[in-house]
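Biologist: I have a model open on my screen and would like to learn how to read it. Could you take me through some of its features?

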Amino acid sequence: MTEILEQDQSRVNSIHARLSKKLGLNGLRASKATTIPAKSGSTIGSSNYVVTIGLGTPKRDLTLIFDTGSDITWTQCRPCLKCYQQKEPTFDPSKSSTYSNISCSSSVCSQLSFATGNSPRCSSSTCVYRIQYGDKSFSVGFFGKEKLTLTPSDVFKNFLFGCGENNQGLFSGAAGLLGLGRNPLSLIQQTATKYNRVFSYCLPSTSSATGHLTFGKTASSSSAIKFTPFSKLTENTSFYGLNTLGITVGGKKLSIATSVFSNAGTVIDSGTVITRLPHDAYSALKAAFKAKMKSYPLTSGFSLLDTCYDLSKYKTVSIPKISFLFSGNVKVDLDVSGIILAQKISQVCLAFAGNSDNDSVGIFGNVQQRRLEVVYDVAGGRVGFGPAGCT
């Protein structure tokens with residue numbers, strides 16, 4: 001857990017750096033939906049969430065971390081110059097009849113600059129991608145196209161992805177990463193003609209539970225889902241922005257000026273673990289939470305988490321309800337698994353952290369999204385929330 005939270009802070013620092021320069025609604029179109037199971041990455045030692053997709057001909061199943069804050073999809077490939085250990089055998093493009101490299105002269109090669117933050121390179125006229133993440137993890141390899149299989153009836157030829165031969169970092173057994181960002185090279189944009197740039201997920205709260213990642217409009221895209229428009233903050237970036245208006249604890253709205261949220265802005269990110277709030281907003285949340293939890297003994301903090309309790313002597317515990325208020329009159333009630341994080345029963349912590357100032361962007365992380373139905377209507381410029389999207 002210590003390693004996970006340290007890695008999480010590195011990702012947050014990277015998001016702050018990427019967005020710092022930026023700080024200065026129609027109904028869903030019908031499309032056939034495709035759902036694949038989503039599991040907690042804790043089953044392979046990751047703090048993120050994973051799905052299994054098929055790549056190549058014959059199809060090879062690969063477990064990938066899905067990430068709304070990244071654009072390019074990549075997987076480790078043979079021959080490996082340097083690869084970390086993963087769950088399945090490493091993908092070998094030479095064994096697939098449908099794989100081909102992208103040439104340096106191709107227009108899609110030049111699109112890598114925005115999708116990865118790095119200019120593409122060439123190796124014997126073949127396009128080479130490289131991407132680094134906030135925790136110093138990276139992937140470098142050939143940019144190629146291949147047959148992608150989500151389900152037996154949902155197959156995409158010529159899917160653009162990175163075939164990584166030099167990969168390093170804390171990917172914890174996953175074969176690579178599935179990019180769900182807003183760039184033209186993301187899975188969402190590459191499948192736009194079929195799914196109309198609509199996707200949704202529910203993140204399970206435990207390693208034994210199963211959630212989902214769904215592409216296209218579903219029955220869950222109903223009146224139970226309340227939509228809030230994307231914020232202007234994230235225009236021309238990979239991220240999905242939210243307009244946060246306030247927070248309630250125990251049904252009472254905290255006294256936080258709306259300018260505290262609007263000055264910093266907020267993004268929703270499936271790859272950040274713990275939600276980050278502007279300094280003043282976190283101070284108010286912590287004070288209100290402590291007031292509601294005054295019956296329970298405080299204990300030492302843990303890594304990023306500074307408000308923790310020893311609950312080892314209690315059979316039942318009353319945790320105050322926390323809700324987020326977004327523009328469009330949207331109120332999101334967090335699942336209890338999105339309010340507290342238990343390192344052990346004698347150290348149960350408020351699962352939020354504060355930024356060091358009021359200017360750095362806030363991040364709505366994956367712990368706070370647990371068990372919610374989260375719907376991204378990218379074409380419509382909005383994100384929706386519904387309760388209890390998975391068991």
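Modeller: We will go through strands, a sheet with a helix, pockets and one cysteine.

Modeller: First, a word on the ground rules. This is a predicted model, where local features need pLDDT of at least 70 and side-chain atom pairs count only at pLDDT 80 or more, while totals for chains, interfaces and linings use all residues. Residues are numbered from 1 along each chain as its sequence is written, and side-chain values use heavy atoms, with hydrogens and water left out.

Biologist: Thanks! How many bridges join strand E2 to E3?

Modeller: The general idea is that strands of a sheet pair through backbone hydrogen bonds, either parallel or antiparallel. Helices (H or I, at least four residues) and strands (E, at least two) are DSSP runs, numbered from the N terminus, and two strands pair if DSSP finds at least two bridges between them. Here, six bridges join E2 to strand E3 (residues 60–67), and the two run antiparallel. Val51 stands opposite Leu64 in E3. Four residues lie between the strands of this hairpin, where Gly56 takes a positive phi near 90 degrees.

Biologist: Is E2 mostly covered or mostly open?

Modeller: Buried means under 20% relative accessible area, exposed over 50%, and partly exposed in between (1.4 Å probe, protein chains only). In strand E2 (residues 49–55), six of the seven residues are buried, so by that definition the strand is mostly covered.

Biologist: What is the strand order in the open sheet of four strands?

Modeller: The order is E19-E20-E24-E23, with antiparallel pairing. Its edge strands, E19 (298–299) and E23 (340–344), each pair on one side only. E23 and strand E24 (residues 347–350) share four bridges, and Lys344 stands opposite Gln347 in E24.

Biologist: Which helix lies across that sheet's strands?

Modeller: Helix H7 (residues 279–292) lies across E19, E20, E23 and E24, at about 130 degrees to E24. For such angles, axes are lines fitted to C-alpha atoms, for helices over the stretch in contact (heavy atoms within 4.5 Å), and angles run from 0 to 180 degrees between N-to-C directions.

Biologist: Now pockets. How much space lies in the largest pocket?

Modeller: Rolling a probe the size of a water molecule over the atoms shows where empty space is left. On a 1 Å grid over the protein atoms alone, a pocket is an open set of points where a 1.4 Å probe fits, with protein on both sides within 12 Å along at least five of seven lines; lining residues have an atom within 4 Å of a point. Grid points are joined across faces, edges and corners, and a volume is the space filled by probe spheres set on the points. The largest pocket holds about 700 Å³. Its lining has 36 residues, with Ser14, Arg18, Gly69, Gln132 and Tyr133 closest to the centre. Helix H1 gives the most, seven residues.

Biologist: Finally, is Cys390 buried or exposed?

Modeller: Cys390 is buried, with a relative accessible area of 8%. Cys390 sits in the segment after strand E28 (382–386). Beyond its neighbours within four places in sequence, Cys390 has contacts including Cys202, Pro204 and Arg371.
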